[in-house]
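Visitor: I'd like to learn how to read a protein model piece by piece. Could you walk me through this one?

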Amino acid sequence: MTPSFTKRESSPSPGRQPAPEAKLVDAVPLLDLHRQYLQIRSEVLAAIESVCASQHYILGAEVEGLERELAEFCGARDAVGCGSGTDALWLALAAAGVQPGDQVLTTPFSFFASASAIVRAGARPMFADIDPRTFNLDPTQVECCLRRSPHDKLRVLLPVHLYGQCADMDRLQHLAGEFHLSVIEDAAQAIGARWGSEPDKARSAGSMGISAAFSFYPTKNLSAYGDAGLVTTNNAEMAAHMRRLRNHGSPRRYVHEEFGWNSRLDAIQAAILRVKLKYVEEWNDARRQRAATYDQLFAGAGLTATEKTTAAERTESAAPIQLPQTSAQAHHVFHQYIVRAYRRDELREFLTARKIGTEIYYPIPLHLQPCFVYLGYLEGDFPEAERAAKEVLALPMFPELTEEEQCRVVESIADFYC
Ligand SMILES: Cc1ncc(COP(=O)(O)O)c(C=O)c1O
């Protein structure tokens with residue numbers, strides 16, 4: 001197969017070094033943070049130096065600056081920095097008034113923290129199946145679940161914007177309104193993602209629920225150099241409550257009105273995130289461009305179905321790879337580029353042998369995790385989440401990924417199926 005491609009033009013923003021030319025090597029990493037670091041190294045080191053010069057390492061001006069900038073970026077009134085995305089979910093649930101014995105409805109197909117934070121807030125997770133096209137919580141399944149039986153203890157609907165694509169917030173918010181549920185977005189993977197059919201009126205991830213949790217884990221589209229997280233909200237009272245909760249429930253020094261915990265954000269992480277926030281839209285655009293390149297390369301290689309392919313024709317030999325699908329209303333930021341693949345595990349081994357990085361997000365749906373046995377779910381309860389867990393494969397995706405590397409990934413997959 002000889003896929004054709006044109007050279008991508010990019011003009012780096014002022015203050016940033018051009019992306020280093022990737023060597024024509026045969027290894028293709030799933031993610032290479034080094035290439036990003038080389039572009040922003042001097043700015044990042046200056047930001048760290050400035051924090052060291054101030055000797056103010058926790059909360060303070062850098063954290064407040066980041067909170068202001070991120071609230072504005074997401075179109076939210078307030079933002080509260082904290083120690084991780086997991087803590088951000090926990091803060092959001094606690095500030096929403098979730099109590100022991102309450103229930104929270106979420107997706108069974110996500111990172112563990114989407115459900116473990118519910119348990120940590122004292123509540124019981126409930127699941128509804130996913131939409132097989134987007135991997136996000138399926139509003140039709142949510143509706144079935146809500147109408148099937150009364151759920152007096154259900155307080156919160158917690159959709160996850162998985163892989164960088166927003167869940168169907170129009171339909172989910174409509175259902176939440178009807179059933180008197182608060183919506184908390186798990187936006188850990190979706191900084192910069194938007195939802196809405198008219199681009200001018202699209203709403204940003206982080207502005208749609210009563211609050212939203214972000215993670216800045218080093219692999220995320222906006223990432224710290226350690227653990228960090230943040231909650232956005234349009235509710236000033238909730239923001240103030242979360243500020244207390246992240247600091248031992250303390251409104252002022254040595255006064256504790258309730259039990260919180262220590263989840264204060266480091267000034268160094270905030271300073272690094274402020275440097276990177278300036279570039280995140282550009283990086284997200286680059287991810288979208290690379291996703292489009294993959295789509296073209298897979299179609300050109302005849303590895304995937306076209307719109308005209310019928311379900312019966314979707315066999316391994318006709319269409320071994322199913323490409324990620326984007327809802328018409330979604331501005332997808334491709335935190336991950338996820339395909340469904342026939343003989344996924346064998347393909348992964350083959351690519352590993354060729355030094356091509358891949359990952360499975362996520363191999364075990366949450367309702368089948370050993371620690372959730374007490375919830376009483378069984379295999380077969382959420383067939384789409386279970387099927388996704390068997391079929392999904394994340395391919396190399398990051399803003400500096402080159403077309404040569406993408407060609408090598410697609411050529412190798414073609415070699416596996418030929
Ligand atoms: C969907 C989702 N929710 C929550 C989290 C938790 O974030 P953190 O790792 O920063 O605690 C992650 C991180 O991987 C995530 O992907």
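Visitor: Where is Tyr362 found?

Guide: Tyr362 is found in the loop between helix H10 (344–353) and helix H11 (383–391). Those labels are DSSP runs, numbered from the N terminus: helices are H or I with at least four residues, strands are E with at least two. The peptide bond from Tyr361 to Tyr362 is cis, with omega near 15°. Keep in mind that this is a predicted model, where local features need pLDDT of at least 70 and side-chain atom pairs count only at pLDDT 80 or more, while totals for chains, interfaces and linings use all residues. Residues are numbered from 1 along each chain as its sequence is written, and side-chain values use heavy atoms, with hydrogens and water left out.

Visitor: Which residue has a positive phi although it is not a glycine?

Guide: That's Tyr163, with a phi of about 65°. Look for Tyr163 in the loop between strand E4 (154–158) and helix H6 (169–178).

Visitor: On to domains. How is the protein chain divided in the domain assignment?

Guide: Domain bounds come from an automatic or database domain assignment. Here, domain 1 is 43–128 + 135–277, and domain 2 is 280–417. Taken over C-alpha atoms, their centres are 26 Å apart.

Visitor: How do I read the area that domain 1 and domain 2 bury between them?

Guide: The size of an interface is often given as the accessible area lost when the parts come together. The area is found with a 1.4 Å probe and summed over both parts. Domain 1 and domain 2 bury about 3,100 Å² between them, with 63% of it on carbon and sulfur atoms.

Visitor: What about salt bridges across the interface of domain 1 and domain 2?

Guide: Side chains of opposite charge can pair when their charged atoms come close. The rule asks for a side-chain nitrogen of Lys or Arg within 4 Å of a carboxyl oxygen of Asp or Glu. Across this interface the rule finds 0 salt bridges, though the overall count comes to 23.

Visitor: Now sheets! What is the strand order in the open sheet with E12?

Guide: Two strands pair if DSSP finds at least two bridges between them. The order of this 3-strand sheet is E10-E12-E13, with antiparallel pairing. Strand E10 (321–322) and strand E13 (392–395) each have a single partner strand, so one side of each is left without a neighbour in the sheet. E10 and strand E12 (residues 337–341) are joined by 2 bridges, and Gln322 has Arg340 in E12 as its bridge partner.

Note on methods:
Buried area = accessible area lost by both parts, 1.4 Å probe.
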